[in-house]
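This report is written for a reader who is new to the structure shown below. Please keep the sequence and the model in view while reading.

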Amino acid sequence: MGEFKVHRVRFFDYMPSGIRCMAFNQRTERLALARLDGTVEIFNFSDRYFQEKVIPGNDARSVEAICWVANRLFTTGLNGEITEYDLENLCPKYSVDAFGGPIWTVACNALGTHLAVGCEDGSVKLFEVLPEKIRFEKNLDRQKGRILSLSWHPSGTRIVAGSLDVINIFDVQSGHMMQRMLVDRGTVNSRTRECVVWSVFFLSDFTIISGDSSGKVQIWDSHTGTLNKAHLVSKWDVLALSLSQDESSLLAGTSEGTVVQFQFLSPTLGASEKEWVRTRTFKHHTHDVRAVAEIGTAVVSGGVDTQLVVRPLLDKVDVKSYDTGLRKIQFPHRPLVSCAAKAGLLLFQFPVQLELWRLGEGEGPGRPGHSLIVTRKPEKLLQLKRKGEDHICCSAISPCGSWVVYSTVSSIRLHRLQYDGSNISIAKVPRLPKVLRSAHQLCFSADSSRLFVASSRSTVHVIALSQSECKYLHTFKSSSGSTEPMHLLAASADGRWLAAANRACEVHVYNVRSRKPHCIVPLYGSCPTAMAIHPSTNNLLMVHADQLIFEYSIEEKQYTDWSRRVQKEGLHRLWLERDTPVTGVTFNPSNASQFLLHDTYMFCIVDQRLPLPDQKAQLYNQLTLKSLSEQDRKSYSHAFKFCKKYQPLLCVSVLEDQSVVVVERPLLDIATQLPAPVRQKKFAT
Amino acid sequence: MEAPAEIRVVRCGGSRITFRKAVFTLDSKFLLCPSGDAIKVFSSSTEECVHVLQGHANLVTGIVLNPSNHLQVYSCSLDGTVKLWDFTDGILIKTYVVGPSIFSIHVSKKHDGVVFLVVPMASNKSQEVYQLVALHLPRSPGQEVEAKEMSAVICDISPLPRAISFGREGEYIASAKGVQLSVYFFRKQKEYRFSLKATDKKGAKNSFTCVSCHPEDDCIATGHADGKIRLWRNFNQKKEYTYSTEQWHHSAVAALTFSPQGTKLLSGGTESVLVQWHYGAVTKKDFLPRLGSAIEHISVSPDGALYCTSHRDNKVIVIQSSLKVSAIIQGLVTGDDVQTELLIDPRTKALVLNGKPGHLQFYSLHRDKQLYNLDIVQQEYIHESGLRQYGVVQAAFDSDGTWLATVEERAEEDGGVDVSLKLWAFSEAAHSFQLNTTIYMPHEGHICSMCFRDGGETTTLVTTGRDGHFKAWVLAEDTDTQGISSHWSCEFVGDYHLLTPSACCFSADGSLLAVSFREVVTVWRPGTWELLATFSQPPGDIRDLCFGRLGCSKFLLGTTTEGVLCCWNLLTCSVEWSTALDVILLQSDPLSDNMAAFSAAAGSTDLFVFKPSEPRPLYSQKAVSSGVVRRAVFAPRQEALQSCEESAQWLNRSRLYFLSDNMDLMTFSIKSEEDRILASSKQLVVDDSVALTPFCLLLGKHRQAQRNEQDPLCEQVAARTQLPQRSTAVRELLHTPAHVLPPASHLCTMFVNSLLISKPGVRGAQESEEEDMESEKEEEMGESEEEMESRDAAGRPAIQNEAADGTASLSKSQERELRQIRKADFSWVSAALDC
């Protein structure tokens, strides 16, 4: 398949942020997730858990609670504001100050007409949800102690609020308190510490379920204000609860990293009387589980250990398939690394800064599988801090290595880089064209003379770059009228073509020279996760979230024969059942028929001349091939060749000198940077 | 010589009482344990064995209370029968002959007249596949009934009873095998199967070990090989079933039981800790640790007040629900390996062998009860495999039981061995053995054998070691600041051509010591330690040495590894006779001149009993036991038998016990003796409201004696009537279960007769009350025999007893005189002597 010199890069200190809260929208099957740094991410659960949208965070904004109202997303935070997001432009739409101090929780009623927020000063405030805005309606009776959790009764007439040591029930109409239930502080932690009711739920049968800092999940009768049952779940806190839509299952996330399931079952089979019974315990986390979501068919949990875990409930699925496997989502489904192929430079994107590294050099002809002696160590050339409070949402380095561009939600900054091997100088390009306000994706042309900026409303701006100035040339507008953000850009090597994919799964091809839209690739139901244009044949290669591969001939405006063959024969089952989406496509410059794909756990070389593996063939067959004779090898070999040596992968790209750069981020390094988990007694220690 | 039919190899007690779950009776007063071929009824408060229900011809594999009559119990056995017993009276009511071997039995209240049995599947005998069948018990009146009406319920299940449990009100039955749980609903006749993965990524071993169903809720608790406990719910659905997992045990959960009210869940395993989980709040649990040995079964009394755990070391512990141990019933501990010889303690006549790790147990064969444990190693035993810990490997008593020598060993990591020899003196004050001397490393390496010198003025111990020496140890007195104390020290170290000694043996009178060095037997004179003679019988090394006893004390017998049994005459110093017989075990009877030799033949062991002086064996039997007999011993009888059969005479004074390959203690019994036991076992209990214990009998006697004193008239009336005593007849009529009573027409006359007032005063009132008591008791014995032999009330059994005594038959008056003399104070004699 060819031999490569590999730069194994492990100096990208990417540190994902912990998960703070999440909300699942059952209707659109989108999970909204907020991280501790204020980033909001949206995962499409109907499209292989693909991370569809990322709204970058802001230093001034923290997210404490998140809530869907129909298709609108609201968050509240410690800055005391309620924020609604613009999901098309991936930025906050507006913020409303509730004037109650930090807001710990937000809840929407079943009809979606009102939001209730719980504030630090002990007040519960109701907001009316109007088109394009929200309006303050009234305060409920103010109590002592901050409100940490809220839940509406499905009828919308009552609200239960969890506070310190107490759970209050309010009548929405009058705003008066109806019941006050004291929560036991428990003996586990000292009695002098207040019991924090972290989460509370109001069920349609007027049962209230609460989870608190003394490790109890308690079931209350709201009519009488009495405790029905207390389940001691953890020695530490119960941080999050989640109720299934049909109110038959409840999840509790604890500080010990466990998620405990409760089910509403009748103690005797066939009887109608039911009670909440503790059933399963899931342990997929090492740290606090800050957020859980019961989505009917699966348990979704996330916490301080930064990973999102989707654990399907096998009793709710009919057939064993791709969806029934356990899934851990640790890394973003978008590239954070850009590589200057000609200059041998790597640009790492962090939320608050960019880092530019020069790759090291190795010596001598090495044997396959062995490492070379490093003659020149990799070197960090530059650390570029972002301006303002917004986090960086995308960045790019030109192939020649002389331009660096990044964007936040409010501005784009372009820098010119001069590097002669020892000295480096950087200069901000002063006057950018006015159209460049913010970008969803940035891309340079192969000769570094053009910068493509995917901007709001599915537009792509073309900027001409030269030594003296940068000039706005043209704006490609979406011909389909879609306003979804563009998330992928690919420019052809000859500078003629530009492909742009948006979140509505559309892939537009523009002719850069004639400044005209060329065509739209036939719409496919799954979002493209990676694409690239072949340098010699100008075929557009796309990989979608459901792992299918398409090759589209731009010039002929149709799928290539190879692509049709792939569709006809189908891809191997093991290929389709892989966990993570393909996040990078590159071509082998020495062999035009080969291209490289990578996801988090492997990269593979696909040879278009070889036959595709049929369903019965062994997909991972390199070891078997090695043991066969030359003649047999031919009959057994197929198009896919895998390399799983480097894990987890964040980037694979091919440099001009035929060497491959792989950027790894070992999970252990992430784990060591996490705060210490709560102390737990382990057996035999 | 063909073995006479009347000598049989039997399990003699000491069999496992923890083979299956013990069962509490409804009133929790008694505990029923299957024990070998019999069922033992223990009193749960006094630990005493009240009855032994004998009748099965093979291992009893399960007992359950009859759900429709709580005074009856069903038992099943490998002999293919189900028997119904009345355990209060110890009577077999009915036998249902099923056919195939039965591995466990289950009943439920809902299924009246049906028992559920686990039997091997008939279709494939090669693999051990079992099925659960429902057996409809026929209602025919006969004693022994063929029961063939069976219907299969679940196929392919585990034969262990702990893997099957009836659910709430008998609506369903849950059974587990491997990683599969099956639940069968009787009403819908539908079976649900739930599987777990055999292993998962975390290395959990998910296979089921035991199952228990909640009595009121639909919840099944299962125990697993990795110590997890799962609580299953909603199991009437194929997919939406659910379970929760709890873990405390670190190794497999061996037993799991819900309390009858369902509020508690009890579990146990190798950890020897009883864990009590609170149903509904599983994070709350109580523990009863340090139960001594791995828990194998747990049962709960029907009122939930008592728990009972069965342990691997053949122990049953009765525990109150407040987790306080209230009674311990200890059987004979036979672990995987008995390293010491079987010994008889000369004082208590108890069998002594390895018990708990690091202990010697004293087990009374007569009462089938453990007397006590002697801690030899005196170190905490750690329940973990792979640890090198001290174990007792040898023990020896001197002739009168005042000294006990023990050897303990621990293998070192470098292949060496850590040995210490301990000598224990019997202390009258403490009534136990107390450590006198510890000799660390008496030999370089293992000790091969050890024996005490029986006769002679000084007690001498001889040990032979792997280092090529044999050493003689004597008790030496030394004076220190505390005063005079005596300790053991080495007197003589002997060797012979640097060969390794193996066996050693003193002659009965202690005048000669024989030590074997490979193929050479050397004879030494103790005291002066001069070498008197050497014998040799090549080829083959000497394995066992034994001096003849009593009339044959001039003979020395030896066995060699090459399969020769050789007898030397010590007077002529020549071989008297030798025979080619591969003897693996040679034992001499201390009370007679008989010797027993076990020889290994293909797959089994043969027994020969012979006198060294006679050419023909007294008794021989082929294949007394399958596999190799590990240990054997002659135990003296309490009272000698008078056997008429020539071939059985060797069993008159002592019984031969041996440990079979699978650690069962077996013995030989004579038919006449068996008959006698069987007859006595059929007697009715004096009063079935009180557990029959010696203490109770004593009290009862006392009370009855008092009453008799107060009411001589009544007593005389009773004594005079030829018919059974009045009170007994009435009592029996009222208290015996109706189904075991003879027809009413029989009883009527007896009953009416007993109501008649007869004239007092024929029998002399001068007889002591004690004697009356005895005769009364014998009367009862007499009646209980169903044939109702007409014989005089006091006469025959007494004669029989005297005849059986044989050696010294004293009349009653003489005996009383003796007793009085014994009671008299003779301290003045010693006082006089002191002066």
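Arg518(B) is partly exposed, with a relative accessible area of 39%. Here buried means under 20% relative accessible area, exposed over 50%, and partly exposed in between, with a 1.4 Å probe and protein chains only. Asp541(B) is also partly exposed, at 26%. Arg518(B) and Asp541(B) form a salt bridge in which the closest N and O atoms are 3.6 Å apart. Arg518(B) lies in the loop between strand S44 (513-517) and strand S45 (520-525) of chain B, and Asp541(B) in the loop between strand S46 (530-536) and strand S47 (542-547), so the pair ties together parts that are 23 residues apart in sequence. A salt bridge is a side-chain nitrogen of Lys or Arg within 4 Å of a carboxyl oxygen of Asp or Glu. Helices (H or I, at least four residues) and strands (E, at least two) are DSSP runs, numbered from the N terminus.

## Basis of the model

This is a predicted model, in which local features need pLDDT of at least 70 and side-chain atom pairs count only at pLDDT 80 or more, while totals for chains, interfaces and linings use all residues. Residues are numbered from 1 along each chain as its sequence is written, chains are lettered from A and ligands numbered from 1 in the order in which they are written, and side-chain values use heavy atoms, with hydrogens and water left out.

## Chain B as a whole

Chain B holds nine helices and 57 strands. It has 835 residues, of which 51% count as buried.

A contact means heavy atoms within 4.5 Å. Among contacts in chain B between residues at least 6 apart in sequence, 45% join residues at least 24 apart.

## Arg388(B) and Arg410(B)

Arg388(B) sits in the loop between strand S34 (369-375) and strand S35 (391-397) of chain B. With a relative accessible area of 44%, Arg388(B) is partly exposed. Leaving aside residues up to four places away in sequence, Arg388(B) touches Arg410(B), Ala411(B), Glu412(B) and Glu413(B). Between Arg388(B) and Tyr192(B) there are 47 Å in space, C-alpha to C-alpha, and 196 residues in sequence.

Arg410(B) forms a salt bridge with Asp418(B), with 3.4 Å between the closest N and O atoms.

## Salt bridges in chain A

Over all chains, the count comes to 43 salt bridges. One of them joins the side chains of Glu84(A) and Lys93(A), at 3.8 Å from N to O. Glu84(A) is buried, with 1% relative accessibility, and Lys93(A) is partly exposed, with 36%.

## Around Cys67(A)

Cys67(A) belongs to strand S6 (residues 65-69) of chain A. Its relative accessibility is 7%, so Cys67(A) counts as buried.

## Backbone features in chain A

Gln647(A) and Pro648(A) are joined by a cis peptide bond, with omega about -25°. Pro648(A) is placed in the loop between strand S55 (640-643) and strand S56 (649-654).

Arg48(A) is not a glycine, yet has a positive phi of about 55°; it is found in the loop between strand S4 (40-44) and strand S5 (50-55). Phe206(A), also a residue other than glycine, has a positive phi near 65°. The loop between strand S18 (197-202) and strand S19 (207-212) contains Phe206(A), which is partly exposed at 21%.
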